[in-house]
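Please read it with the coordinates open.

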Amino acid sequence: MSFLIRRLGFYLIAAFVAITLNFFIPRMMVGDPVTLMFARFQGRLDPHALASLKAAFGFVEGPILQQFATYLQNLAQGNLGTSVSQFPVSVAQVMGVGLGWTLRLAGTATIVSFLAGTLLGIVAAWRRGRFADNYILPLLSLLGAFPYFFVAMLALYIFAFQFGWFPVLHAYDLNIAEDWTSSAFLISVFQHSILPALTLIFTAMGGWMLGMRNNMIGILSQDFIVMAQAKGLRDRRVMLTYAARNAILPSLTGFAISLGFVVGGILLVEIVFSYPGVGYLLLSAVNARDYPLMQGIFLLTTFTVLLANLFVDLLYVLLDPRAR
Amino acid sequence: MDQSKVTPGQPTTAMPARRASRPRLLSWQAPDWVRSLFRNRKATIGIIILVFFVFVALFANQLSPTKNAARIVAKGNMAPNAQYVLGTSKQGQDIFAQVVHGAQVSMTVGFLAGTVITIIGIVIGVTSGYVGGWADEVLSLITNVVLILPGLPLIIVVAGWMDRPGPLTVVLVLGLTSWAYGARVLRSQTLALRNSEFVAAARVVGEPTWRIVIFEILPNMTSLVVSGYIGAVLYAILTEAGLEFIGLGDANAVSWGTTLYWAQNNGALLTGSWWTFMPPGLCIALVGFSLTLINYGVDEITNPRLRSDEGKA
């Protein structure tokens, strides 16, 4: 239990750091982009809304600590400001739509990729120097060395543009109304997600596979494995419940640590496929100088990563009795 | 484990602590680990590919007939032909020249950022591990926080505020946001070494702390530092290319990322002009692959159990 409480405290600190960064980064920039942005707003926005937007950034009269307090207060009330590019929709609303798409696509793809890679890693370590170890691992590693966005471009070029097997952009056919109960819409969503999902799954899999293989190899040479085999337990039981269960613990920690990096890959893949998730939104926000949206997305991704880490911690406690 | 391609610094099982071999005065000999690096097949292939690209970057002017790669030299959208071996972009720039000159920016940013990342990682990781106490608590906390914050979104946000940062700014931003992984790995290794006998001996003899750190601790972490450096370079090259590809770098600079950016913007996928995006993309992938191979090699050398072709490596 104390393990979880310690972790929780750490995530709170990390969240606070992200919030603080968000406040100070615009203030460290030369050329004062925020003032420029507010200047562009002048006249388009009624004074009340402008004041509220300024408050969301903490741009109020007074010393910096007071500004920070205003910013925190607004944040606590969920006021992330108004999107400039999709005016007058609030940042929270714009992000909500994007987050849905990203979580469905990238969440599924990341979990599938981790599970498949881990399973392959178990097999590769168990049957060293055989097919999975000698052919699948190098092949996936080669693919893993490719930049995400280039794999995405290749997949798009070959399978969508040349062969025409898949749609080329967006998350669903725009001729179909967005209705989560209609089967035509669901099929369209599925068709649009295949290519980006496969890109994410295959580029990341090699890393998980190699990590799990190397952990397994370390575990397999330990005495309790020999003991289990000497007892005459079935191979599969030794492999899964004895070796893999122990080997997966460092893999899980690695998974949690690299989630922040995985997010980067997901952003780029979304951008290539024009998939309307958070990554695509972030790029549009940057291009439109939609600073409130940009800031909001940074906080959102950070919090999502922190939550995912907390989830992995819970899983860890479940798998490792020592952490309880 | 993690994704090797995007993680600055790879976890490597550390070499058992031992004293660095005595310096030979007369005949210089490559350290053991360098020699084993060249005996490892994966690492050798990786080094060959990497050296090839370093040479391309160094001799870009000699290799490419078009000296100024940004210049418009011919009709746009030409497929590869005798004069322009990789064709031309939609605007009519020589793609071969862009790829060859682009190597300069990508490699420079990669190695510079990798160096910055590694140095910050060493300083923070070793200090944290060696000094211990509250300094360790604070530094570890900072390290873990930086590690958990998603790097690319942060970099994109900073780049967004800066409005198209140049390559050197990218190096700095990468350096400041990506050192945590290496610091964490080096901290735990320093902790292990600090309690080893030879360090205790050095302390008893009265060696000053800076001497112990530089001559006793660091030489025993060479393999970790090297693999961390390679991972950092890889991360920097991929991230820089990614930033430029989405149009957040200096779009007028010639680099692999910007060539891809223009290809994407000009609808190269749609028009089928594969020669505008395949060459730069493959170059990034090859450099990435070579660095990954070298890191696998280092991993296998430091942890012989991992080899799949036992005996040959």
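1. Ground rules. This is a predicted model: local features need pLDDT of at least 70, side-chain atom pairs count only at pLDDT 80 or more, and totals for chains, interfaces and linings use all residues. Residues are numbered from 1 along each chain as its sequence is written, with chains lettered from A and ligands numbered from 1 in the order in which they are written.

2. Chain A. Its secondary structure comes to twelve helices and zero strands. Both kinds of element are DSSP runs numbered from the N terminus (helices: H or I, at least four residues; strands: E, at least two). The C-alpha atoms of chain A fill a box of roughly 80 × 55 × 40 Å along the principal axes. Of its 324 residues, 42% count as buried. A residue is buried if 20 or more other C-beta atoms lie within 10 Å of its own, exposed if 12 or fewer, and partly exposed in between, with C-beta atoms placed from the backbone. Among contacts in chain A with a separation of 6 or more, 70% join residues 24 or more positions apart. Contact here means that two C-beta atoms, placed from the backbone, lie within 7 Å.

3. Chain B. There are 14 helices and zero strands in this chain. Buried residues make up 52% of its 313 residues. Residues 24 or more positions apart account for 74% of the chain B contacts with a separation of 6 or more.

4. The contact between the chains. Chain A puts in 56 residues and chain B 43 residues. On the chain A side, H1 (2-28), H6 (131-145), H7 (148-162), H8 (183-220), H10 (235-272), H11 (278-287) and H12 (291-319) each supply at least two residues. H10(A) gives the most, with 13 residues. The chain A side divides into 37 nonpolar, 17 polar and two charged residues. For these classes, Ala, Val, Leu, Ile, Met, Phe, Trp, Tyr, Cys and Pro count as nonpolar, Asp, Glu, Lys and Arg as charged, and the others, Gly among them, as polar.

5. The core. Which residues have the most contacts inside the largest nonpolar core? They are Ala152(A), Leu282(A) and Ile297(A), in a core of 173 residues. A nonpolar core is a set of buried Ala, Val, Leu, Ile, Met, Phe, Trp, Tyr and Cys residues joined through C-beta atoms within 7 Å. H10(A) supplies the largest share of this core, 19 residues. Leu282(A) touches residues of both chains: Leu267(A), Met294(A), Ile297(A), Pro153(B) and Ile156(B), not counting residues up to four places away in sequence.

6. H8(A) against H10(A). Their axes are 9 Å apart, at an angle of about 155°. Axes are lines fitted to C-alpha atoms, for helices over the stretch in contact, and angles run from 0 to 180 degrees between N-to-C directions. H8(A) and H10(A) are therefore roughly antiparallel (an angle over 145 degrees).

7. H4(B) against H5(B). Helix H4 (residues 95-131) and helix H5 (residues 133-148) of chain B cross at roughly 145°, and their axes come within 7 Å. This crossing is left-handed. Ile124(B), Thr127(B), Ser128(B) and Val131(B) of H4(B) meet residues of H5(B) including Asp136(B) and Leu139(B). The residues of the contact divide into four nonpolar, five polar and one charged.

8. Positive phi. Ser274(A), not a glycine, has a positive phi of about 45°. Ser274(A) sits in the loop between H10 and H11 of chain A and is partly exposed, with 15 other C-beta atoms within 10 Å. Arg289(A), also not a glycine, has a positive phi of about 50°. Arg289(A) is found in the loop between H11 and H12 of chain A and counts as partly exposed, with 17 C-beta neighbours inside 10 Å.

9. A tryptophan to look at. Is Trp165(A) buried or exposed? Trp165(A) is exposed, because 11 other C-beta atoms lie within 10 Å. Trp165(A) lies in the loop between H7 and H8 of chain A. Trp165(A) touches Phe159(A) and Ala160(A), not counting residues up to four places away in sequence.

Terms used. Parallel < 35°, antiparallel > 145°, perpendicular 65-115°, else oblique. Left-handed = near helix turned anticlockwise from the far one by under 90°.
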